[in-house]
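Hi everyone, thanks for coming.

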Amino acid sequence: DEVLAMWQAFDQHVTTPLAEAGLPFAVTPGNHDGANGERFALERALYRAQWTPRRPAVDFVDAADYPFNYAFRVRDVLFVSLDATHVGHLSPRRRAWLDALLQTQGPKFQHRVVFSHVPLWPFALGRERDYLGDHALEAILQRGKVGVFLSGHHHAYYPGYKDGVRFVSQGCLGAAPRPLLGTAQPSPRSITLLALGPGGQVQIDAYAGSGFDEPVARATLPPQITAHGATMVRDDIALQGQPGAPLPR
């Protein structure tokens, strides 16, 4: 009953307003609503029941496992939802699916964006152990020329860059914003906006404030974040002077 009440509130405040505005809403499961594992079988079944009749009006490339692992196109961008809701490596089956998808479909697109809940590497204070740490997955992203990997769970915004991939941790909209590693103040509640253009141009910005119209300046973010042997450099620093580098904010 509690999970159903959660979804009813979400429909009222998020799903229905977006649908009425004509905005497609592509979801990916999280640890509070569709976590993998036998302990969460009911919540996962309810997640599937919630989103199966609410498929976004997008051009699907692979929808066999929607709303968990799936892919769709928007113009020359391939978007991939990756079912990553728990700490630790992905299953071989999910890695193989992503690898095959990127190898067969990825070359058809100018941009490739993967989004999941748990990040590949840690970003936030108090979440140092909540990450995938999956080197095989990282190799798949690199081989598939994925430009952006979006994640949640850490509730702190950071546009990092590591070994050819932008790893972007997104701020939260609700409770418990967290400080980035190496900082003290919680990251502001924010939304993330991606602008993907010709010539490999990628602009990623977070917008905070009561109306989510105040850009978060990169200069307020750490130059780099290092944890568990992985270093992510702020993308404007890592890509300075290169084609597709982010515009200054």
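Let me start with a definition: buried means under 20% relative accessible area, exposed means over 50%, and partly exposed is in between, with a 1.4 Å probe and protein chains only. This is a predicted model, where local features need pLDDT of at least 70, side-chain atom pairs count only at pLDDT 80 or more, and totals for chains, interfaces and linings use all residues. Residues are numbered from 1 along each chain as its sequence is written, and side-chain values use heavy atoms, leaving out hydrogens and water.

Ile191 has 36% relative accessibility, so it counts as partly exposed. You'll find Ile191 in strand β8, residues 191–196; strands here are DSSP runs of E, at least two residues, and helices are runs of H or I, at least four, numbered from the N terminus.

Now, helix α1, residues 2–20. Its expected span is 1.5 Å times one less than its number of residues. For 19 residues that should be 27 Å, and the end C-alpha atoms are 26 Å apart, which agrees. Trp7, Asp11 and Thr15 of α1 are buried, and the cover over the buried residues of α1 includes α2 (41–51), contact being heavy atoms within 4.5 Å. After α1 comes Gly22, with a positive phi near 75 degrees.

Last stop: Thr183, in the loop between β7 (165–169) and β8. Its relative accessible area is 28%, so Thr183 is partly exposed. Leaving aside residues up to four places away in sequence, Thr183 touches Leu125 and Pro222. The C-alpha atoms of Thr183 and Ala124 are separated by 9.0 Å, though these residues are 59 apart along the chain.
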